[in-house]
Amino acid sequence: MNIPLIEIQPDALQVFHDYQHYNGDLPWTEKIWLRKNNHSYSLSVNNNSFYDNDNNIKITLRNGNIFQYDDGNDKLDIIFPKYYPVFNNLPSIESNLTSLTKIDDNLIIGNSNGSLIKFSYPIGKSLINYELRKFAHFNDILKIMTFPSNKVIVTLGLDMQIKIWSILNNKEIINEKPLRILNKVHQSRINDIIMIGKGRNLISCSNDGLINIWEIGSGESIWKGKRIKKLNDSCKCLALLEVENSNSNVSNNDNGKFFECYGKILFCGHSSGTITIWDLSNRLSYGEFITNNDNIGIEWIIVKDLNNIMCGLINGEIISYKYDLKSKENIENWHINTNIDDNSIKNFKCKLLNDNKLIILINQYFMELELINGKLNKLFVGIDEDINDFIHIKETNELLITGKHQSMALYQ
């Protein structure tokens with residue numbers, strides 16, 4: 001199944017509003033451009049829609065910044081950002097924004113200079129008041145996670161270091177020095193990190209194929225694993241699932257170093273296109289399965305339950321599976337193609353929005369898919385550059401994105 005990718009003129013909403021307030025005597029001639037997959041179109045505007053009658057395309061206003069796209073074959077919502085602040089080259093932040101998280105009433109943002117920035121949230125029009133921790137890492141901050149206590153964060157850098165930071169208060173972003181630095185275990189780039197339970201254990205994976213469990217209290221590596229059939233198969237991404245029935249009789253805290261591991265299953269995506277599965281109760285393999293016969297690598301993996309295991313391949317394909325722990329058999333639920341040239345894919349991420357929706361980011365495309373069938377439900381538009389990261393703010397049901405040139409956008 002192919003998914004339609006639609007790109008629309010970023011300022012189309014402004015053109016729409018300009019037309020509604022136009023009182024001139026001459027006919028309105030301004031049009032907007034739209035691209036669907038590899039085809040381009042020119043759309044006119046009227047009081048409540050954009051349209052191209054020759055190609056049966058109509059984009060009708062539903063509410064505020066939400067329009068419905070319909071071309072006779074595909075129907076979906078197109079949503080423009082309500083709020084689009086730009087940092088405008090604030091001193092010391094002249095770099096791309098690479099990652100972000102929300103902690104209490106603050107946003108913690110990582111950039112390509114390895115710095116951490118804190119803003120109060122929601123962000124006002126004035127971005128003068130911010131806190132900055134320069135050179136938290138030596139270069140790009142790839143991922144930021146918040147501990148359940150909301151007092152500590154963990155950052156993953158391109159410098160092959162994982163750092164644990166204490167958030168002090170609203171006056172300071174972070175302690176001058178990290179509480180822990182986790183390093184010198186992986187021999188190449190660390191691709192992903194994931195937290196177990198309350199965060200007393202952390203899992204990381206890297207290009208050297210190593211999957212490592214850290215004990216945060218001591219900062220020590222307490223377990224190392226690799227794909228058994230191919231030890232050097234790079235591990236690109238991780239996902240965790242808690243299951244009710246575990247075959248293991250191992251205690252919840254054996255050796256005093258493994259916390260909240262009992263009954264949890266670890267899924268790892270590899271460069272060979274293989275997904276390996278581990279029982280964290282005893283750190284033994286639950287098996288593995290191949291997602292494709294062309295050895296196309298896995299970029300991300302999301303696991304809702306054993307009937308919904310989703311992965312994104314580096315060529316832009318997205319696949320959903322069922323997996324049986326006893327028989328070690330997998331069944332494909334659905335398989336979609338995003339129609340993007342794999343040579344042009346720069347950033348490909350996915351997050352589970354709720355029990356029924358997936359949020360997919362692929363370059364500048366930002367979309368919502370139905371979890372049950374992979375159907376494109378919504379497309380978030382209005383950004384004319386690549387996006388690097390995003391978060392869902394549950395309290396307000398907002399999507400906040402970061403990207404190049406210090407840009408941020410908010411969708412609601």
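Student: What share of the 412 residues of the protein counts as buried?

Tutor: In this predicted model, 55% of the 412 residues count as buried.

Student: Why is Asn-388 called buried?

Tutor: Its relative accessible area is 15%. The cut-off is under 20%, so Asn-388 counts as buried.

Student: Where is Asn-388, and which residues is Asn-388 in contact with?

Tutor: Asn-388 sits in strand 32, residues 387–393. Neighbours within four places in sequence are set aside here. Its contacts then include Asn-96, Leu-97 and Thr-98. Also among them are Asn-347, Lys-349 and Leu-361. Thr-402, Gly-403 and Lys-404 are on the list too.

Student: Is Asn-73 buried or exposed, and how do you know?

Tutor: Asn-73 has a relative accessible area of 68%. Exposed means over 50%, so Asn-73 is exposed. Asn-73 lies in the loop between strand 6 (66–70) and strand 7 (75–79).

Student: How far apart are Asn-73 and Ile-57?

Tutor: In sequence, 16 residues; in space, 9.7 Å from C-alpha to C-alpha.

Student: What rules out a bond for Cys-268?

Tutor: The closest cysteine sulfur to that of Cys-268 is again in Cys-235, at 4.4 Å. Against the 2.5 Å cut-off, that is too far for a bond.

Student: What makes Cys-205 and Cys-268 count as buried?

Tutor: Cys-205 has 0% relative accessibility. Cys-268 has a relative accessible area of 0%. The limit is under 20%, so Cys-205 is buried and Cys-268 is buried.

Student: How do you know whether the radius of gyration agrees with a compact globule?

Tutor: The rule is 2.2 Å times the number of residues to the power 0.38. For 412 residues a compact globule would be near 22 Å. The protein has 23 Å, which agrees. Along its principal axes, the C-alpha trace spans about 80 × 50 × 35 Å.

Student: How many helices and strands are in the protein?

Tutor: One helix and 34 strands.

Student: What fraction of contacts joins residues at least 24 apart?

Tutor: The figure is 47%, among contacts between residues at least 6 apart in sequence.

Terms used: Residues are numbered from 1 along each chain as its sequence is written. This is a predicted model: local features need pLDDT of at least 70, side-chain atom pairs count only at pLDDT 80 or more; totals for chains, interfaces and linings use all residues. Side-chain values use heavy atoms; hydrogens and water are left out. Buried means under 20% relative accessible area, exposed over 50%, partly exposed in between (1.4 Å probe, protein chains only). Helices (H or I, at least four residues) and strands (E, at least two) are DSSP runs, numbered from the N terminus. Contact means heavy atoms within 4.5 Å.
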